[in-house]
Amino acid sequence: MKFTVSKDLRNNKVMRNLLIAFSIIMLLFLALDVTNKILKFGSTISDIKSSWLGNEDEFIEPLSTISALEMVHLDLFIAILLLLLIGSIFMRIDTKLKTPFLAITMLLSMISFASFLASIFFSEAFVIISVISFLAWHISASSMLLVSLSWLIKKP
Amino acid sequence: MIDTYQKTLITLFAVMLLTLLATSIALFIMKIGIEPVDIAQYYMGNEEAFIVKKSFEGLFETTAPHLFAITIMIFIVIHLLLFTNYKKYIPYLLAGLLISFMADMASGYFLIANLSVFAIIKWVSFLIFQALFIIATFLIISDIVRHKAI
């Protein structure tokens, strides 16, 4: 985790190339994560509601509470690692907006997990919040990666 | 000196980590139960309650990803603790976390070998592991909160 403590990464060629490669792969991961969820649950709100909460007319079973919790458990672990690493690279960007940007991204990811569980346990009204916050944190994290990438590519 | 950005990053990381711990406790309670008897039943099976005994392969499928994930999380938390005023607790926390984690993981295998005493060991080690992880996370949060941001 040297890059979390070394200040100017762009002067270190190996570290710079490593982080450029890391950022590109993480961008790909974020895009594939959204694609995976669309393929798994559907692309419209009604499809997602049916996959999560079940649909008697189409004989679709609802997600069990244990599988919902297992999904959150795994996705949350990935989100924590991903956001910590993206946040550590984004730290070097010289702009006043970086702190609100990071806070919004991390809070949106937590809202997405909490509202997903709330939609399973309490009310289907949380489905829309979960979907919007899920997409929003993926877009926000991707933007952080793109800004970091442009900073890393630029010569110091 | 720590800046506002680092404070935000580490605090939100710690909050997310606590949420992850909450989901693992919830999963443990919902899947296995609260008492050692429930743990023994979950692993060793119970014909009267129609609970099938866990297989070695099934157990291994859970152990393998957890060995990776939990070790990474312990590494990150201890790494962050190195920058706090609680450095002196690191050897105890690290030893406690690793021993309880290994005992928790290994107990399942002893249970499927019909050694029911390991239900208590699994129960105790799970509780110790969760408690130590929560303490370590709170130590990071408390140190971050005490620091003045620049």
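**Two chains, helix by helix**

Biologist: How are helix 4 of chain B and helix 5 of chain B oriented to each other?
Modeller: This is a predicted model, in which local features need pLDDT of at least 70, side-chain atom pairs count only at pLDDT 80 or more, and totals for chains, interfaces and linings use all residues. Residues are numbered from 1 along each chain as written, with chains lettered from A and ligands numbered from 1 in written order. The axes of helix 4 (residues 90-112) and helix 5 (residues 118-146) of chain B cross at roughly 150 degrees and come within 8 Å. Angles over 145 degrees count as roughly antiparallel, so these two helices of chain B are roughly antiparallel.

Biologist: How do you define helices and axes?
Modeller: Helices are DSSP runs (H or I, at least four residues), numbered from the N terminus. Axes are lines fitted to C-alpha atoms over the stretch in contact, and angles run from 0 to 180 degrees between N-to-C directions.

Biologist: Is B:Tyr92 buried or exposed?
Modeller: B:Tyr92 lies in helix 4 of chain B. Buried needs 20 or more other C-beta atoms within 10 Å, exposed 12 or fewer, and partly exposed is in between. B:Tyr92 has 10, so B:Tyr92 is exposed.

Biologist: Which helix supplies the largest share of the side of chain A that touches chain B?
Modeller: 19 residues of chain A are in contact with 19 residues of chain B. Helix 3 (65-90) and helix 4 (98-121) of chain A each supply at least two residues of that side of chain A. The largest share, 11 residues, comes from helix 3 of chain A.

Biologist: Which residues is B:Phe13 in contact with, leaving aside neighbours within four places in sequence?
Modeller: B:Phe13 is among the residues with the most contacts inside the largest nonpolar core, which has 61 residues. Such a core joins buried Ala, Val, Leu, Ile, Met, Phe, Trp, Tyr and Cys residues through C-beta atoms within 7 Å. Those neighbours aside, the partners of B:Phe13 are A:Ile80 and A:Leu84.

Conventions:
Contact = placed C-beta atoms within 7 Å. Parallel < 35°, antiparallel > 145°, perpendicular 65-115°, else oblique.
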